[in-house]
Amino acid sequence: MSNAATIAAAATAATTAATIASTQTAMDASTGRSKPPSGSRTVRFRIKRSDGHNKNVRWEEFDVPVTSGSEGSGSANVISCLQHIAANPVTRDGRRTTPIAYDAGCLEEVCGSCTMVINGKVRQACSCLIDDYAPNNGDVITLEPMTKFPTIRDLWVDRARLFATLKRTSAWVPIDGTYALGAGPKEKPDEQQIRYKLSECMSCGCCLEACPQYTLEEDAKDWDKAFVGAAVISQARYFNMQPTGATLKKERLDALSAPGGVSDCGNAQNCVQVCPKEIPLTESIAAMGRQVTVHRIKQFFVGR
Amino acid sequence: MAHPSNQQRVIVVGGGLAGLAGTVRVAEAGLAVDLFSLVPVKRSHSVCAQGGINACNEVARQQGYSEFEHFDETLYGGDFLQHQPPVYEMTHWAPKIIDLLDRMGVPFNRTSEGQRALRLFGGSLYKRTHFSGATTGQQLMYALDEQVRRYEAEGKVTKYEFWEFLRPIIDESDGRCIGIVAQDLRTMQVRAFRADAVVIATGGPGLVFGKSTNSVMCTGAAASRCYQHGVKYGNPEFIQVHPTAIPGADKLRLMSESARGEGGRVWVPAVKKDGQWAPHPTPGIDPRKLPTDQRWYILEEKYPAYGNIVPRDIATREIFAVCRDGFGVGGGNMVYLDLTHKPKDELERKLGGILEIYRKFVGEDPTELPMKIFPGVHYSMGGLWTTYTPGADYEQYKRGDASFDLRRAWDPAKRPACGLDQNADNNMMTNIDGLYAFGEVNYQFHGGTRLGANALLSCIFDGLFCGQSVVHFVTRRADDAAAQREQRIYDAGVAGEEEKIAALTSRSGDENPYVIAKDMGDLMTRESTVVKDEAGLQRALDGLAALNDRYERMSLADTSGWSNQNLTWARAVGDMLILADPILRGGLLRKESRGSHYRPDYPDRNDKDFLKTTIATFDPATKQAKISYEDVEIGLVRPRVRDYSKAKSKGTPSGSQSTKKNEPVGAGAGGAS
């Protein structure tokens, strides 16, 4: 099997696994994955490196020995392979090089740090298991930095814009300070379940990388006009649902009515497919689209 | 309160729960905050906390629970090694902290009536743990992150993300901390920052043990750097090993205690022979096919009162022991954590976050098959030494002269002041004037073992309550602002760190920092976690000396001056090696068993000699710790034997006349031997 075909097969297998995992009832222990044969094998990593955004961009290849996950030791993942390369920074043609710079944190897909483009698809590197992505000896895994954010170095990008956009949409509950003022509002359990799902957004940026409307903006002064993206629209929905949070609804809808707001969404629906937390992003975009429409009509008639 | 001077600033290092809560409190009081973090604060390690946050609540209260019970449980769980006034204050603030988080919009799970739902957790027979799915830490941290973002938008907080704290700046003329040196991890620029007070909130040192449940930035390097600059380190040997983690190639992933709180059962395949359990002849058999009489529920059998929700150190030792004795699943180092008897929809609603982690990383569905788990290093009870001012009524109560009884339920407004003095400026201040430590990085609250779901509470309590101390300190020193301190002190700090970087990048040798760190982790995990003894700890100290020699022969593969993670890791490894020393030395010298510190060569708790805080002080000449001991403030509840095979008795006031304090109690550590 050629490398390209292997990658395609691995990607298909991974997609299938994700689909099964999302269907709680159908999930069976043995059907989601085809376990590779036990023992050691070598996986080739092709890594796009640079010394900064568009600076000295180059590819390097590394052969990394991995052992299949067996009883008592989990599968290798992309992070453990990058750790191996850091300890042995030698390319596959024997040239000494430097460890790969990358961003990582919790390694259990709750912090959002290690987003990368892996075999052409954006995802978290920690949950990218080698047994799934490269089950055979000699399989190739390609790692690239996200393209919608400036590269700091190698696979490490600067997602400051994402956090700045949360400021632009007043993504907080405006409480009256931290003194003891009693409990918050009661909440129906089904509403809590909706808010909880939205609150799992870890600002990883997968939805932004996959979005055709979200483009690289290197200059911070352009951030206020550029498309906010699915994650932030969904967060606006989250805060508008909470009674105290809703006191800033007007500010949020003003921001989402402005250039770069919800109407910039081109309805490609890539966001919801790549979200590692399976947040219903397209529902959020639709909900905020409706809120913005009502907000504009009110503004037109009431003038506020 | 004096109005803070506009020039005065506070530095907070670390953007997890403790750092964010402290930032909010200090910014709210009108002081400018500079917030430093290795990572964008929203990605801090607190996101990994899963199970929940403890607080007395109305349901539990009407069943006989109280803030005092929460206080007593925490002491009992911690094997009485804690200073009691801070724990008393924290547990009484807990319900108010939950209310505040609720107001901030945290999506706590709800009952059908819309009340906050509650679950059981380790070390308690009452439901007093509030939760948000199985990602409570993430949800609480996001709520605080949002509040900080609000202050940032108002210009009151300045974030320095992707910046690394390198050292506190201490003015030797009066010993006060007046700022920090930090490095931008992108440009590698080293800079000094002035501050009227500095809060260290940098979490635990899990990576000293190699693979742990901690995030990759939890090296303990920041704490180590403070320790190397004269901050005392308390109880370094008290490291919590969590009973239920799943092993991985890069880390150990936590499977929350809430799995057991919601009814999860720990068992191993076994058969009964002559009334005794023996390893199962086919231990790898499909667990679903095993009849009940071939399942040994190890915790339920030995600890009938608490069962699967015994504190973590006990569950860990039991799991460790059955695996050692050959009962492990498939003959390996694993036991079952079984949720398959619970309804699926309930599991998804209450534990969805961890089920998802297990499915993604193991590839099996815990609602169908029991999870396979093993203990992993998780939390440090020890940390930077901090002080506090007890409340006005504490001394009287300690003497036994008080006319009130803390065990009765108190109107919050009339509660005796036996906790902390809210008006003090030294709560959670280290021995360096103006340098504070909040959250896991300090040694308070948890003693010998931390009870599950008390960490989120202690982190937020530190930030909110002790954040006020920072405000008091800075406003009371308004005439002595850091802005007036001599520039040369700051320049010297920067020069010191630049020299260190130059030394690291110019070294030649054949050693590699990643390999040294791995070997350190293996050594520390082998000799200084679940079971420790004299010979092993001594071996580890010898091994550490060898690693330090290798560190001197280390060279960097990357010596560039741009976003050099090779350099920052190598520097942190040096700081981890230095912190490993007091962890081992404290363990070697503590010749008793207490909480998570288990020494089969000294299997009993020894209050006479060791109801004391271990204090490690860095000796720059040897780079080793000097160990001394300090009495623990136990003026509120008299220490008693910790025994989880039966329900906890009510705490007795220390001051009551019947028995004298510090009376030695035996065989308290419990657990398997």
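Reply: Two residues are taken to be in contact if their C-beta atoms, placed from the backbone, lie within 7 Å. The model is a predicted one. With that cut-off, 72 residues of chain B are in contact with 67 residues of chain A. On the chain B side, at least two residues each come from helix H1 (17-28), helix H4 (84-103), helix H5 (136-153), strand S12 (239-247), helix H10 (344-362), H14 and H16. H5(B) gives the most, with 9 residues. Sorted by class, the side of chain B that touches chain A has 25 nonpolar, 22 polar and 25 charged residues.

Helix H14 of chain B covers residues 513-527. At 1.5 Å a residue, its 15 residues should span 21 Å, and the end C-alpha atoms are 21 Å apart, which agrees. The buried residues of H14(B) are B:Pro513, B:Tyr514, B:Ile516, B:Ala517, B:Met520, B:Gly521, B:Leu523, B:Met524 and B:Glu527. An α-helix has 3.6 residues a turn, so residues three or four places apart point the same way. What do the buried residues of H14(B) pack against? Their partners are helix H15 (534-552) and helix H16 (565-589) of chain B, together with helix H2 (78-87) of chain A.

Strand S3 of chain A, residues 115-118, runs antiparallel to S4(A) and is joined to it by 4 bridges. Within this pairing A:Val117 stands opposite A:Val122, and the bridge partner of A:Met116 in S4(A) is A:Arg123. The hairpin of S3(A) and S4(A) has 2 residues between the strands, and A:Asn119 takes a positive phi near 50° there. S3(A) also pairs with S5(A), again in the antiparallel sense, over 2 bridges. In S5(A) the bridge partner of A:Val117 is A:Glu144. In a regular strand the side chains alternate between the two faces of the sheet. Both faces of S3(A) are covered: A:Thr115 and A:Val117 on one side are buried, as are A:Met116 and A:Ile118 on the other.

Among the contacts in chain A with a separation of 6 or more, 67% are between residues 24 or more positions apart. Chain B has 17 helices and 22 strands, with 63% of its 673 residues buried. For chain B, 77% of the contacts between residues at least 6 apart in sequence join residues at least 24 apart. A compact globule of 673 residues would have a radius of gyration near 26 Å, and chain B has 24 Å, which agrees. Taken along the principal axes, the C-alpha atoms of chain B fill a box of roughly 75 × 65 × 50 Å.

Notes
Residues numbered from 1 in each chain as written. Chains lettered and ligands numbered in written order. Predicted model: local features only at pLDDT ≥ 70, side-chain atom pairs only at ≥ 80, totals over all residues. Expected span 1.5 Å × (residues − 1). Buried ≥ 20, exposed ≤ 12 C-beta atoms within 10 Å, placed from the backbone. Nonpolar A, V, L, I, M, F, W, Y, C, P; charged D, E, K, R; others polar. Pairing = 2+ DSSP bridges. Rg over C-alpha atoms; globule rule 2.2 N^0.38 Å.
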